[in-house]
Amino acid sequence: MAAALAGCTPTPTPGPASAAAATVPTPPSSTPVWLLGVEIVGLVGETAYSWDSDSTPTGELVGVSIVDGQVQERRKIGGSNVNGKPRYWLQAPGGYYAAFGERPLFIAENTEGELDVQWTAPAGRWGTPVLVDDMLVAWDFAPRQAVVAFSTQGGAELWSAPLDREANGVEVGFNGKWITVIWQQYSASAPTPTVTVAQRVRALDPRTGETRWTQDFPEHTGGIAIAGDALIVASDADLLFIDGPTGDLVRRFPTGLPPSIYPEFAVAGTTVFVGVGDSVSAFEASTGAQLWRNTMALNNPKLARDQHHLFVTTKAGLAALDPSTGAEDWKVNLDNSPYGILVSDRGIATTGGRATGFALPAHFVPERATIRGRVEARCVKQSDVRVRIGAKSLRLDAEGSYEATVEVAGLVGVSATVHSDAAMEFEEQRFFPVTDMVVLTGKGEYTVSPLVLDRCEEEATGR
């Protein structure tokens, strides 16, 4: 990925975790956005964490400021014996949870102030855990096939809730009332893999692990959310609101979309938020009553919550909605639809081929920005080159230059590629775009370093 532009020219910096774009002070009317060429694995308070495998033989955890993306700390982790990106990085009382393989580790500062592994879960094939007050709750596929709760103070096992043998694809969550478990059930006795229950949902008491209720679905759904004792199920083109303990259908809500739908859900108390098609809606989970609907330009949206907003990924970036009314409070252009949102009380980090972030509370004011540059077209007809700036597509002028004005807040992508009609003349379409990113800082005009579109090798080899 190209580095973000610092004013007009990218400045390379060594190491994947130090690729933050230099920033120019932004007018107070708009929150600064930063861009990194790394994968964020966790967000704790005002620090976003990534992993640098190349800095030392054992790697380092790198923390960057949620305010400006600048490196705040680089720390080794003693006792992990693995140099690889952790699957997650969760804050817990007195330390953090992570997994470099499959076993959860509790990591905290030792007496010298260095991060060290304090305890490790028993050998097993562990899924992604959830933190529930003073417990870590995770699924162990083997050898136990059980949901297990550990104390965050010392790692003592508090309870174990075995599921049916051959439970597969187990997802563990917590909805504020119950530990929730969703899985696909296979036969434990059939000679070949045989699905007996397409999806099974179970509610467990968070203090004891005892089963409170279970519901089965004979066909695979488009997604299930659990709010208290209410199930919200995507079935064909409808949302089904079901009472968990009894299985009674409370309401069928037609979305008006073609089947099959695969919504994104977020739950807050008795409210469930649903992102699907071209809209985000809020429902009262126990009745199925629609509270509000906001039509938006979405692309497989992801949802996240904090105390003040519902955050929604859009085709262009991220929007913050008032969870009570659905009204849009702000939106920021990231020139992509992130596939993950991490939220803390201090900021937001997104992932999606690159990482972006900014501090909370945020406020974004669109900037009228003129972006210009040139393309060096090698072994490509200049007339076949197209440049995309944000949502705008344009041709090069006689000198190979381009210029466009956009009005957004956040980031603007710039890419050059061969027009699809010209690319179709070749047996293999190897005309991937060359790209760069502009971080809007309030200055109004930006010059992009030359984009080199070099296809001489393809022409020489006949590919």
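Trainee: What does partly exposed mean for a residue such as Arg74, and what is the relative accessible area of Arg74?
Mentor: Buried means under 20% relative accessible area and exposed means over 50%, with partly exposed in between. The model is predicted. Arg74 counts as partly exposed, and its relative accessible area is 34%.

Trainee: Is Glu60 buried or exposed?
Mentor: The cut-off for buried is under 20% relative accessible area. Glu60 has a value of 12%, so by that cut-off Glu60 is buried.

Trainee: How many salt bridges does the structure hold, and which residue forms one with Arg74?
Mentor: Side chains of opposite charge can pair when their charged atoms come close. The structure holds 24 salt bridges. In one of them the closest N and O atoms are 3.2 Å apart, and the partner of Arg74 is Glu60.

Trainee: How many residues apart in sequence are the parts that Arg74 and Glu60 tie together?
Mentor: Arg74 lies in strand S7, residues 71-75. Glu60 lies in strand S6, residues 60-65, so the pair ties together parts whose separation in sequence is 14 residues.

Trainee: What is the N to O distance in the salt bridge between Arg75 and Glu73?
Mentor: Glu73 is partly exposed, at 22% relative accessibility. The side chain of Glu73 meets that of Arg75 in a salt bridge, with an N to O distance of 3.6 Å.

Trainee: Which residue forms a salt bridge with Arg378?
Mentor: Arg378 is partly exposed at 36% relative accessibility. The closest N and O atoms are 2.7 Å apart, and the partner is Glu376.

Technical notes: Residues numbered from 1 in each chain as written. Predicted model: local features only at pLDDT ≥ 70, side-chain atom pairs only at ≥ 80, totals over all residues. Heavy atoms only, no water. Salt bridge = Lys/Arg side-chain N within 4 Å of Asp/Glu carboxyl O. Helix = DSSP H or I, 4+ residues; strand = E, 2+ residues; numbered from the N terminus. Buried < 20%, exposed > 50% of the residue type's maximum accessible area, 1.4 Å probe, protein only.
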